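Work through the exercises below with the model open. Try each task before you read its solution.

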Amino acid sequence: MNTITRLLAIACLALSFAACKKEEAPKAEVAAPLSAPTTDDVTAWRAYVNDVATRNMDGVTNSPFVYFLPGEKSEGFGGLYERLLEKLEQDLGRGILEGNMLVFASPAQDKTTEMVETAFKAVPPGSMKGVKVVFVGSPILGERVRTAVEPAGVKYIFVEAK
């Protein structure tokens, strides 16, 4: 009986020392946020918008709706603007459910702001509770967007494009 007790005591000690020697998993480092592109380069803007969306995904259960306009000097900009406005109006008309996120960003910040203001006029007050709206732009335009989207009941997040 003493032998069994000693063996159990030795096994417990050996397990406790083995557990102490495990290497800790390396901690994931959080990359620094990207800076907003200073040009109309669509590839750079998409990488930036992806970074902004990823950093604001807390509480979001679905893929974000991203509304991105290229620079105003882009070929066919007017048509792109009209199609994106129509898509936004359709999405809002169908209803955006809690746990979703809408991201608005563009080198053409004035037109993006105009698009948000136009589309959100038809959204019933309080109908988008639990939905995040992220706007990337200047503080002045950010306040215009806040005024347009907050009546819908969204959680508004402003990211200064700098």
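The chain exposes about 10,300 Å², and carbon and sulfur atoms supply 57% of that area. Accessible areas come from the Shrake-Rupley method with a 1.4 Å probe, and for residues only the protein chains shown count as cover. This is a predicted model: local features need pLDDT of at least 70, side-chain atom pairs count only at pLDDT 80 or more, and totals for chains, interfaces and linings use all residues. Residues are numbered from 1 along each chain as its sequence is written, and side-chain values use heavy atoms, with hydrogens and water left out.

**Exercise 1. The overall layout**

Task: State how many helices and strands the chain has, and give their order.

Solution. Start with the terms. Helices (H or I, at least four residues) and strands (E, at least two) are DSSP runs, numbered from the N terminus. The chain has 5 helices and 4 strands. Now read from the N terminus: the order is α-α-β-α-β-α-β-α-β.

Next, take burial. Buried means under 20% relative accessible area, exposed means over 50%, and partly exposed lies in between (1.4 Å probe, protein chains only). Of the 162 residues in the chain, 36% are buried.

Last, take contacts, meaning heavy atoms within 4.5 Å. Among contacts with a separation of 6 or more, 68% join residues 24 or more positions apart.

**Exercise 2. V145 and its surroundings**

Task: Is V145 buried or exposed, and which residues does V145 touch?

Solution. Locate the residue: V145 lies in helix α5, residues 139–149. Check its area. V145 is buried because its relative accessibility is 0%. Then list its partners, not counting residues up to four places away in sequence: V145 touches T113, V116, F135 and Y156. V145 and E114 are 31 residues apart along the chain, and their C-alpha atoms are separated by 8.6 Å.

**Exercise 3. A negative patch**

Task: Which residues form the negative surface patch?

Solution. Patches are made of residues with over 30% relative accessible area and no salt bridge; like charges are joined within 9 Å, nonpolar side chains (Val, Leu, Ile, Met, Phe, Trp, Tyr) within 5 Å. Lys and Arg count as positive, Asp and Glu as negative; His and the chain ends are not counted. The place of a charge is NZ of Lys, CZ of Arg, CG of Asp or CD of Glu.

The patch consists of D40, D41, E72 and D110. Now zoom in on D110. Its place is in helix α4, residues 109–120. D110 counts as partly exposed because its relative accessibility is 49%. The C-alpha atoms of D110 and G137 are 8.8 Å apart, although 27 residues separate them along the chain.

**Exercise 4. A loop residue**

Task: Where is T38 found, and is T38 buried or exposed?

Solution. T38 is in the loop between α1 (2–20) and α2 (42–55). At 80% relative accessibility, T38 counts as exposed.

Note on methods: Salt bridge = Lys/Arg side-chain N within 4 Å of Asp/Glu carboxyl O.
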